Amino acid sequence: MTDALRRSVTIGSILFIQFQTLSASASAIALSEYLNQVKEKHLGFQASQTSSEGAQLRASEGDLILSPVFFVNGQMNRDKKLNFFLQNNQTDQNNATAGFSKLTSFGTQAKVSYGYNYTEYSKFSDPRKKFPAFYQFQTTFELSQSIWRNFFGSETRAQRNQIEAQATASHYVEKYKTRLLLAEAESTYWRLTFSRLTVQVQTEALARAKKMYDWNTGRAKLHLADSADAFQSEALLKIKALDLQNAQDEERAASRAFNLARGFTEDLVSEDLEIVDASVLSQVSIPNRVEKREDILAAEEQERATWAAADLAKERTLPSFDVFGSYSLNGQKTDQNDAFKGSFKNEQPTQAAGLKFSAPLDFWGTSDIRSGWQKEKIAAEFNLQRKRLEQDNEWTDLQQKMGEARKRLQLCLAIEQVQNSKLTHERDRFKRGRSTTFQILQFEQDFSQAQLLRIRAQSDILQVLARMKTFQVNL
């Protein structure tokens with residue numbers, strides 16, 4: 001046996017002893033506790049969760065379109081042009097207006113305002129001429145109704161629906177990301193669990209291969225066996241050393257992934273993990289499926305947002321035709337108090353009514369825009385149907401994989417039991433002198449392979465189960 005091979009066997013044994021010692025003194029961490037750590041420490045999970053909450057809060061942003069608006073404006077103006085009517089060269093005006101406006105879901109714009117205006121004329125051509133300054137206060141009521149574009153508030157509702165749908169879609173997209181992150185974390189947990197079990201089985205297999213090698217080498221030196229048996233044992237020993245090295249590398253990678261998911265950078269996981277009994281896994285129940293997962297809900301909202309955007313584009317291509325009217329109560333006096341009182345009396349009213357019309361002239365361009373958005377609506381519907389089909393197919397595929405994994409586990413358990421019985425029987429034969437050490441070691445290797453098959457089948461079931469949990473109602 002070469003020195004390098006001896007070192008690899010010795011190092012593998014030492015690592016396994018250290019692992020067993022560490023596990024004996026380490027605290028245990030259950031899957032639920034680990035997932036809580038992931039929720040608290042995984043930056044990606046926190047980002048998606050925070051983004052989901054933020055999108056949910058801003059889903060009501062569209063309501064701002066219909067909320068009352070307070071406005072105020074003021075201006076100081078000095079005009080030094082010649083006023084031909086009054087023959088003065090300077091007019092000073094100070095005015096301010098404040099009020100509230102409200103847009104309804106039917107496209108009606110209502111506005112109530114109160115205005116103040118002070119006007120003073122000076123620098124007359126005739127120095128003897130004077131014109132008194134006066135004050136004007138005004139209470140105004142205005143209404144405007146669209147009767148073509150935004151007819152009965154169609155554009156307003158579409159804009160509101162688009163904002164709400166886009167925010168809600170973002171909420172569901174980020175919510176679905178948290179589901180996937182937790183499913184990935186659960187898979188990582190079981191990956192480390194079974195990589196540790198694999199290291200344990202491979203370490204035991206390496207130890208048995210070492211015994212077989214020593215036994216065959218000793219017999220070959222005594223010329224009781226052919227040298228080919230010794231070479232075959234040495235090859236098996238090297239293969240098992242390689243298998244152990246691969247298992248240890250996988251455990252190290254699984255440990256890094258395990259720690260990274262909970263915000264650590266260490267390679268070592270000091271805690272013990274859950275080990276699920278194989279008999280329990282063979283009877284594990286399938287989670288109840290939610291009718292619509294968040295990715296489907298997001299696709300529905302994205303379709304709604306696309307339809308709203310199409311409605312908005314259609315409205316923008318329509319002519320604008322509005323009917324409006326206003327009624328004002330005016331107080332215009334040289335005395336400020338008298339002017340103020342007059343703004344609440346119907347002594348000097350101002351009435352106005354009219355129409356506003358505008359229309360785009362690029363008829364071909366507007367036609368293309370409408371056709372384009374119509375295709376966008378059809379595409380959004382196709383995308384939603386595809387998402388539903390993919391989700392149904394994924395669930396069916398997972399159910400099928402779960403059934404297949406259960407069958408494999410049952411077979412692996414049966415094979416492991418047979419190999420164990422075969423090994424126990426051969427040991428009894430060895431005690432009675434009717435078998436050889438080589439035969440015992442060979443059967444032990446067969447038993448190790450059966451254990452590895454069973455571990456892989458257990459892992460397959462738990463990996464499928466973790467994916468199935470993304471279809472559950474609650475995270």
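## Rings, cores and helices in a predicted model

Lys422 lies over the face of Phe443, 4.4 Å from the ring centre. In a second case of this kind, the charged end of Lys111 sits over the ring of Phe71, at 5.5 Å from its centre. Please keep in mind as you look around that this is a predicted model.

### Aromatic pairs

Let us stay with the rings. The count of aromatic pairs comes to 18. The rings of Phe70 and Phe100 form a tilted pair, because their planes stand at 55°, with the centres 5.3 Å apart. Phe70 belongs to strand E2 (residues 69–79) and Phe100 to strand E3 (residues 88–103), so this pair ties together parts that are 30 residues apart in sequence. Phe70 is exposed, with a relative accessible area of 53%, and Phe100 is exposed too, at 51%. For both, the call rests on exposed meaning over 50%.

Another tilted pair is made by Tyr118 and Tyr135, with ring centres 4.9 Å apart and planes at 45°. It links distant parts of the chain, as Tyr118 sits in strand E4 (residues 108–124) and Tyr135 in strand E5 (residues 134–146), 17 residues apart. Tyr118 and Tyr135 are both buried.

Ring pairs also link Tyr34, Tyr189, Trp190, Phe194 and Phe258 into a cluster.

### The nonpolar cores

Several of those names return here. The largest nonpolar core has 39 residues, and those with the most contacts inside it are Tyr34, Tyr189, Trp190, Phe258, Met402, Ile461 and Leu462. Two or more residues each come from helix H2 (31–41), H4, helix H5 (227–261), helix H6 (278–281), helix H9 (363–431) and helix H10 (437–468). H4 gives the largest share of this core, nine residues.

For a closer look at one member, take Met402. Apart from its neighbours within four places in sequence, Met402 is in contact with Val284, Ile286, Ile461, Val464, Leu465 and Met468. There is also a second, separate core of eight residues, among them Leu206, Leu237, Ala241 and Leu244.

| Helix | Number of residues | First to last C-alpha | Expected span |
|---|---|---|---|
| H4 | 68 residues | 97 Å | 100 Å |
| H3 (residues 43–57) | 15 residues | 21 Å | 21 Å |

For H4, the reach is close to the value expected at 1.5 Å a residue, and this holds for H3 as well. Just after H4, His223 takes a positive phi of about 60°.

Within H4 (residues 154–221) you will find Thr188. Is Thr188 buried or exposed? Thr188 has a relative accessible area of 11% and is therefore buried, the cut-off being under 20%. Leaving aside neighbours within four places in sequence, Thr188 is in contact with Tyr34, Ala254, Ala257 and Phe258.

In H3, the residues Phe45, Ser48, Ser52 and Ala55 are buried. Their arc around the axis is only 100°, which puts them on the same side of H3. Leu43, Thr50 and Leu57, on the other side of H3, are exposed. What do the buried residues of H3 pack against? Their partners are H2 and H4.

Definitions and conventions: Residues numbered from 1 in each chain as written. Predicted model: local features only at pLDDT ≥ 70, side-chain atom pairs only at ≥ 80, totals over all residues. Heavy atoms only, no water. Helix = DSSP H or I, 4+ residues; strand = E, 2+ residues; numbered from the N terminus. Buried < 20%, exposed > 50% of the residue type's maximum accessible area, 1.4 Å probe, protein only. Contact = heavy atoms within 4.5 Å. Phe/Tyr/Trp six-rings, centres within 6.5 Å; stacked < 30°, edge-to-face > 60°. Lys NZ or Arg CZ within 6 Å of the ring centre and 35° of its normal. Expected span 1.5 Å × (residues − 1). Core = buried A, V, L, I, M, F, W, Y, C linked by side-chain atoms within 4.5 Å. Arc of directions from axis to C-beta.
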